[in-house]
Amino acid sequence: MSTLLEMSGVSVSFDGFKAINNLSFQIAEPEMRAIIGPNGAGKTTFMDIITGKTKPDEGRVIFGEKSISLLGMSESKIAKVGVGRKFQKPTVFEAQTVRENFALALKNPRGPFDVLRHRKTKNGAQRIEELAERVGLIDELPRLSGELSHGQKQWLEIGMLLAQSPRLLLVDEPAAGMTPAEREKTTDILVNAAKTHAVVVVEHDMEFVRRLNCKVTVLNEGSVLAEGTLDHVTQNPEVIDVYLGR
Ligand SMILES: Nc1ncnc2c1ncn2[C@@H]1O[C@H](COP(=O)(O)OP(=O)(O)O)[C@@H](O)[C@H]1O
Ligand SMILES: [Mg+2]
């Protein structure tokens, strides 16, 4: 297990307001990490910085064993080097079947290495079934994606991201709008993905975070307030004060 992403001394201001303030963060590969914190803490902005959507005013963001800087790379280049992001609203092709959606995702591998690795070992149909299995949609392959439940669409999108073989997967508030059963299944999918990938999950649902069973980083006012096991951080008086005790 070695460090995959390292952020250090990162700050971002929006109109003079410091949304991210001297933030440092590291994640290994593979690793599961949960990020919690009050609204406005900078959680989404943190993901925007990693994916290149927002450029920090200062600091470093280093990725991979060659320690390449993600700063100055375009969003598409960052995706190509291995950062995948799942947004709250699923962006699946509703008029296509689940199988077609997976096939589309597999058609756009993120790099030449990826193409070679997969084409040599498995054909498209096998890859699609393997992905569908990983996200619990094996029985839904012939269905139109528009007919899926909200939770199933989210899983399809996670599967489509996995099709791109990202090394780091960023997931912002996956449990929003899901039933308890869907939430439980989503944690299983993410926990499984984190066996082979670095996965960062931002989530407010504490039951969900508990099921991820991982190190937790608490963000507040753009900085790390506490880090450790969920039990450790939720007993921290400052964390209780700014987040849990509201
Ligand atoms: N593009 C932007 N322009 C101006 N302010 C922003 C922008 N993005 C985020 N902010 C502000 O930065 C702070 C952090 O926001 P955000 O990262 O969305 O927090 P979180 O996801 O933790 O709720 C908030 O005060 C928000 O209003
Ligand atoms: Mg947010």
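Author: Let's start with a cut-off: a residue is buried under 20% relative accessible area, exposed over 50%, and partly exposed in between (1.4 Å probe, protein chains only). With 14% relative accessibility, E31 falls in the buried group.

Reader: Okay, and what kind of model am I looking at?

Author: A predicted one: local features need pLDDT of at least 70 and side-chain atom pairs count only at pLDDT 80 or more, while totals for chains, interfaces and linings use all residues. Residues are numbered from 1 along each chain as its sequence is written, chains are lettered from A and ligands numbered from 1 in the order in which they are written, and side-chain values use heavy atoms, with hydrogens and water left out.

Reader: Which residue forms a salt bridge with E31?

Author: First, the idea: side chains of opposite charge can pair when their charged atoms come close. For a salt bridge, a side-chain nitrogen of Lys or Arg lies within 4 Å of a carboxyl oxygen of Asp or Glu. E31 pairs with R33, and their closest N and O atoms are 2.8 Å apart. R33 is buried too, at 2% relative accessible area.

Reader: How many salt bridges does the structure hold?

Author: There are 14. One of them joins R211 to E184, where the closest N and O atoms are 3.9 Å apart. R211 sits in helix α8 and E184 in helix α7, so this pair links distant parts of the chain, 27 residues apart. By the way, helices (H or I, at least four residues) and strands (E, at least two) are DSSP runs, numbered from the N terminus.

Reader: Are R211 and E184 buried or partly exposed?

Author: R211 counts as partly exposed at 34%, and E184 does as well, at 44%. Now try D231 and R210: their salt bridge has its closest N and O atoms 3.2 Å apart. That pair also links distant parts of the chain, with D231 in helix α9 (residues 230-234) and R210 in helix α8, 21 residues apart. D231 is partly exposed at 41%, and R210 is partly exposed with a relative accessible area of 41%. And there's a network: salt bridges that share partners join E29, E65 and R167.

Reader: E29 again, please. What kind of peptide bond joins E29 and P30?

Author: A cis one, with omega about 0°. P30 is in the loop between β2 (17-29) and β3 (31-36).

Reader: Which residues have a positive phi without being glycine?

Author: Two examples for you. D15 has phi near 50°; you'll find D15 in the loop between β1 (2-14) and β2, and D15 is exposed at 84%. N213 has a phi of about 55°, lies in the loop between α8 and β9 (215-220), and is exposed at 68%.

Reader: What does the side chain of D205 reach?

Author: The backbone nitrogen of E207, at 2.9 Å. D205 belongs to the loop between β8 (198-202) and α8 (206-212), and D205 is buried at 18%.

Reader: How is the chain divided into domains?

Author: Domain bounds come from an automatic or database domain assignment. Here, domain 1 is 2-88 + 167-244 and domain 2 is 93-147. Their centres, taken over C-alpha atoms, are 26 Å apart. In the contact, domain 1 supplies 11 residues and domain 2 supplies four.

Reader: How much area do domain 1 and domain 2 bury between them?

Author: About 560 Å², with 42% of it on carbon and sulfur atoms. Buried area is the accessible area (1.4 Å probe) that two parts lose on being put together, summed over both. Between domain 1 and domain 2 there are zero salt bridges. On the side of domain 1 that touches domain 2, α2 (75-81) and α7 (180-193) are the elements that give two or more residues. α7 gives the largest share, four residues.

Technical notes
Polar contact = N/O pair within 3.5 Å; in protein donor to acceptor, adjacent residues only side chain to side chain. Contact = heavy atoms within 4.5 Å.
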